[in-house]
Each structure stands twice: as structure tokens, then as C-alpha cells.
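Here is a friendly walk through one model, from a single side chain out to its core. Have the viewer open as you read.

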Amino acid sequence: GQINASEKESIINNIYHFEELPLEQELYDWFNNILLLSQALMRKHTNQLSPSVLLAMQYISDNYSEYVSIKDFCNRYNMNASYLGLLFKKETGVYFKDYINQVRSMNLT
């Protein structure tokens, strides 16, 4: 989904100021602010997603540490992989596989 100019500016400002944070508490506050912004954006845009895309996102979130493919997901839920791939890209702005990689990179510890 698309974000508006003020949301984009807020995210960019927070990321830009990351290197200026000398104290642990400031780093914690910065990270918490980024998480709150992300959660707000997800809530805002989740209402605009189809049930199939929401199901796919939940499936990815639950199974990102294992092998996940659009083909396997669609076989499991009796969906057309080509259609879901187009719908997923249209609604989220990223390809299914790229979303999997984003979730994996966010969950690295």
C-alpha cells in the first residue's frame, strides 16, 4: 500500500536521526517510535487488504523460518498462485517472495 507524504516524512526523519542517538535510552525511544509508526501504518493499510492477502501475510509471519513459497501456500489454501501473486503485489506494493524476505530480515536476532 501507499503511504502519504506526512507518514513518509515521519519515517524518513526517524531513520535519518538514528545515527545521532548516543544514549541507550534514546536508541530505545527511537526504535519504539519506529515500531509505533509501523504498527499504525499496518493498521491503516490492513483494513484495505483482501482476506486472501491477509491470510498470506499471516501465513508468512507464522512460517517465515521454514521454506515458504506462493505455490505451496496456494496449494494449501486452494488458490491460484498467479492471481494471488498479482493481488499481493497490487495490495502490498511488494512481491510475495520479497515480503517473505522482508519478514525474515526483520526477525533476525
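A polar atom of the threonine 92 side chain lies 3.1 Å from the backbone oxygen of valine 94. The model is predicted, so local features need pLDDT of at least 70 and side-chain atom pairs count only at pLDDT 80 or more, while totals for chains, interfaces and linings use all residues. Residues are numbered from 1 along each chain as its sequence is written, and side-chain values use heavy atoms, with hydrogens and water left out.

The side chain of threonine 92 also has a polar atom 2.6 Å from the backbone oxygen of phenylalanine 88. Here are the two distances side by side:

| Side chain | Backbone oxygen | Distance |
|---|---|---|
| Thr92 | Phe88 | 2.6 Å |
| Thr92 | Val94 | 3.1 Å |

Threonine 92 sits in helix α5 (helices are DSSP runs of H or I, at least four residues, numbered from the N terminus). Threonine 92 counts as buried because its relative accessibility is 16%, buried being under 20% relative accessible area with a 1.4 Å probe, protein chains only.

Now to the largest nonpolar core, which has 17 residues; such a core is a set of buried Ala, Val, Leu, Ile, Met, Phe, Trp, Tyr and Cys residues joined through side-chain atoms within 4.5 Å. Among those with the most contacts inside it are Phe73, Phe88 and Phe96. Two or more residues each come from α3 (51-63), α4 (70-77), α5 (81-92) and α6 (96-106), and α3 gives the largest share, five residues.

Phenylalanine 96 touches residues including Ala56, Ile60 and Leu84, not counting those up to four places away in sequence; contact means heavy atoms within 4.5 Å.

Definitions and conventions: Buried means under 20% relative accessible area, exposed over 50%, partly exposed in between (1.4 Å probe, protein chains only). A polar contact is a pair of N or O atoms within 3.5 Å; within protein, one must be able to donate a hydrogen and the other to accept it, and residues adjacent in sequence count only if both atoms are side-chain atoms.
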